[in-house]
Amino acid sequence: MFSLIFYAIETYYENGHKTEELEDLLSELNPFLWGDRSSADPAYFTDLCEMISDDDIPIEGSYALARSY
């Protein structure tokens with residue numbers, strides 16, 4: 001799920017919404033810097049884990065969850 005959110009923001013950024021704020025966010029979210037696929041800034045990954053810890057997320061609801069995050 002975390003990688004999905006990263007890819008969605010990255011795609012938005014690459015499709016003409018390049019701002020310094022988004023560039024900073026992408027560098028903090030990047031799940032590919034470490035082997036465990038968490039974010040470069042662990043607080044972002046922890047926030048997402050807390051958000052979804054008690055939910056069984058169906059495929060249909062994953063997009064809405066990613067947007068709310």
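The largest nonpolar core brings together eight residues: Phe2, Ile5, Phe6, Tyr13, Leu22, Leu26, Leu29 and Leu48. Helix H1 (2-14) and helix H2 (20-29) each supply at least two of the residues in this core, and H1 gives the most, with four. Keep in mind that the model is predicted. With that in hand, let's work through some exercises.

**Exercise 1. Find out how many helices and strands the protein has, and in what order the elements run.**

Step 1: Look at the secondary structure, which comes to four helices and zero strands.

Step 2: Start at the N terminus and follow the chain; the elements run α-α-α-α.

Step 3: The protein has 69 residues, and 22% of them count as buried. It exposes about 4,900 Å², of which carbon and sulfur atoms supply 53%.

Step 4: Turn to contacts between residues at least 6 apart in sequence: 38% of them join residues at least 24 apart.

**Exercise 2. Work out which residues of H2 are buried and how they are arranged around the helix.**

Step 1: List the buried residues of H2, which are Leu22, Leu26 and Leu29.

Step 2: Look down the axis of H2. These buried residues fall within an arc of 70 degrees, so they line one face of the helix.

Step 3: Ask what this buried side meets. The buried residues of H2 pack against H1 and H3.

Step 4: Check the face turned away from the buried side; there you find the exposed residues Glu20 and Glu21.

**Exercise 3. Trace what Leu29 touches, leaving out residues up to four places away in sequence.**

Step 1: Gather the partners of Leu29: Phe2, Phe6, Ile9, Ser39, Ala40 and Tyr44.

Step 2: Pick out Tyr44, whose place is in helix H3. With a relative accessible area of 24%, Tyr44 is partly exposed.

**Exercise 4. Classify how the rings of Phe6 and Phe32 meet.**

Step 1: Begin with the search of the whole structure, which finds three aromatic pairs.

Step 2: Take the pair of Phe6 and Phe32. The ring centres are 5.8 Å apart and the planes stand at 75 degrees, so the pair is edge-to-face. The cut-off behind this step is that planes over 60 degrees apart count as edge-to-face.

Step 3: Phe6 is in helix H1 and Phe32 in the loop between H2 and H3, 26 residues apart, and the pair links distant parts of the chain.

Step 4: Consider their surroundings. Phe6 counts as buried, at 6% relative accessibility, whereas Phe32 is partly exposed, with a relative accessible area of 36%.

Definitions and conventions: Residues are numbered from 1 along each chain as its sequence is written. This is a predicted model: local features need pLDDT of at least 70, side-chain atom pairs count only at pLDDT 80 or more; totals for chains, interfaces and linings use all residues. Side-chain values use heavy atoms; hydrogens and water are left out. Buried means under 20% relative accessible area, exposed over 50%, partly exposed in between (1.4 Å probe, protein chains only). Contact means heavy atoms within 4.5 Å. Accessible areas come from the Shrake-Rupley method with a 1.4 Å probe; for residues, only the protein chains shown count as cover. A nonpolar core is a set of buried Ala, Val, Leu, Ile, Met, Phe, Trp, Tyr and Cys residues joined through side-chain atoms within 4.5 Å. The arc is that of the directions from the helix axis to the C-beta atoms. Rings of Phe, Tyr and Trp (its six-membered ring) pair if their centres lie within 6.5 Å; planes under 30 degrees apart count as stacked, over 60 as edge-to-face and the rest as tilted.
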